[in-house]
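Let's take a walk through this model together, one piece at a time. Have the sequence and the coordinates open as you read.

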Amino acid sequence: MPDTLELQLDRHAPIATWFGVGGAADRLATPRSTEQLQQCVELDPGLRVLGDGANLLVADGGVRELVVDLKHLNTVDIRPDGLVRAQAGADLMRLVQDTARAGLSGLHTIAGVPASIGGAVAMNAGGAHGSTFDHLVELTTIDRRGNIRTQPASAFAATYRSGGLDGRIVIEAVFQLAPADAGEVRDAVKAIMRQKKESQPLAADSAGCVFKNPTPPHDIDGIGRSGQRVSAGMLIDRAGCKGQSVGGAAVSERHANFMVVNKDRARAQDVLELIEIVRDAVRERFAVELETEVVIWGQP
């Protein structure tokens with residue numbers, strides 16, 4: 001039975017993540033309108049928002065807060081002049097492909113980043129070629145008191161792997177892209193995807209990069225200079241962690257900043273323990289503190 005007439009809540013619901021391990025949500029809601037999302041905020045201002053689940057690890061003990069899946073808030077409007085509106089639950093990789101086919105340049109720079117639009121904005125997702133905020137012009141969000149605002153993207157202090165939302169939840173994002181030759185944009189997407197397939201374990205059960213690329217306060221021979229952002233994967237590799245494992249989780253042999261799991265025998269705790277082993281090894285070898293890029297929810 002639903003907990004309210006308007007909003008269905010599922011109890012002890014699995015939380016879909018790319019890792020494929022971890023606990024359940026005590027309560028999970030899947031709103032179909034902005035009004036229902038407001039009801040979710042009223043029920044639990046501390047709620048957690050589920051996007052694509054690609055950058056998420058849920059602890060084995062699960063999540064006490066209300067989990068809100070925005071997959072039904074997924075409408076997209078792509079205009080010939082390059083103005084693109086996308087609700088938070090829309091799929092980023094599909095939007096990249098659709099805008100490329102439409103001959104619009106801009107979002108192709110984050111090709112291959114698995115995320116919902118809301119999740120991509122919240123973490124300013126991206127890679128070597130660009131980030132989500134590069135072409136973002138407007139955001140509609142809801143705060144933890146239920147207030148909805150539409151603001152220019154410049155109102156948010158976006159930084160590396162952070163949209164600067166300060167707890168606000170994305171409802172809709174607006175991008176301004178540039179009309180371009182569709183064939184050239186599609187070729188650019190294909191080139192980025194080839195590069196990712198060659199260097200990352202895309203076929204494995206993984207959540208992408210586990211750690212943010214740090215900015216060491218000192219030079220590291222052969223890796224980078226003081227004050228420059230350096231590759232976390234290179235630090236982990238040089239610290240001797242490639243292939244290291246705990247239970248059903250292992251540091252990828254292909255890319256050291258990826259952890260892969262065997263879902264038949266892995267637990268979320270295996271990944272959490274491996275994260276600490278890698279963090280300790282890099283700290284000891286390079287005096288660099290790694291910060292997780294993957295989001296961790298729940299109780300051990």
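In this predicted model, start with an open sheet of 4 strands, whose order is E1-E2-E5-E3 and whose pairing is mixed. At its edges stand E1 (9–14) and E3 (48–50), each with a single partner strand, so each has one side left without a neighbour in the sheet. On average, and ignoring direction, neighbouring strands here are turned by 40 degrees against each other.

Now go across the sheet pair by pair. Strands of a sheet pair through backbone hydrogen bonds, and they can do that in parallel or antiparallel fashion. E1 and E2 (residues 24–29) go the antiparallel way, over 5 bridges, and if you want a spot to look at, Arg-11 stands opposite Arg-27 in E2. Next along, E2 and E5 run parallel and are joined by 2 bridges; here Leu-28 sits opposite Val-67 in E5. Finally, E3 pairs with E5 (residues 67–69) in the parallel sense over 3 bridges, with Leu-50 opposite Asp-69.

Val-185, Val-189, Ile-192 and Lys-196 are the buried ones to pick out in H4. Look down the axis of H4 and its buried residues fall within an arc of 65 degrees, so they line one face of the helix. What do they pack against? The buried residues of H4 meet helix H2 (92–101) and strand E8 (104–105). Turn to the face of H4 that points away from its buried side and you find exposed Glu-184, Lys-197 and Glu-198. The N-terminal end of H4 has a cap as well: Asp-181 places a side-chain oxygen 3.1 Å from the backbone nitrogen of Gly-183.

Then there's H6 (residues 268–286), with 19 residues. From first C-alpha to last it reaches 27 Å, close to the 27 Å expected at 1.5 Å a residue. Its buried residues include Val-271, Leu-272, Ile-275, Val-278, Val-282 and Phe-286, and also Asp-270 and Arg-279. The partners that the buried residues of H6 pack against include helix H5 (232–238) and several strands, among them E4 (56–58), E18 (258–261) and E19 (295–297). Just past the end of H6, Ala-287 takes a positive phi of about 55 degrees.

Most residues other than glycine have a negative phi. Between strand E12 (148–152) and strand E13 (169–176) there's a loop that holds Arg-161, and the phi of Arg-161 is positive, near 60 degrees. Asp-166 lies in the loop between E12 and E13 too, and has a positive phi of about 55 degrees. Are they buried or exposed? Arg-161 has a relative accessible area of 12%, so it counts as buried, while Asp-166, at 77%, is exposed.

Ala-125 counts as buried because its relative accessibility is 3%. Leaving out residues up to four places away in sequence, Ala-125 touches Arg-161, as well as Ile-110, Val-113, Ala-120, Gly-130, Ser-131 and Thr-132. Ser-162 is 37 residues from Ala-125 in sequence, yet their C-alpha atoms are 7.8 Å apart in space.

Terms used
Residues numbered from 1 in each chain as written. Predicted model: local features only at pLDDT ≥ 70, side-chain atom pairs only at ≥ 80, totals over all residues. Heavy atoms only, no water. Pairing = 2+ DSSP bridges. Axes fitted to C-alpha atoms, helices over the stretch in contact; angles between N-to-C directions. Buried < 20%, exposed > 50% of the residue type's maximum accessible area, 1.4 Å probe, protein only. Arc of directions from axis to C-beta. Contact = heavy atoms within 4.5 Å. Polar contact = N/O pair within 3.5 Å; in protein donor to acceptor, adjacent residues only side chain to side chain. Expected span 1.5 Å × (residues − 1).
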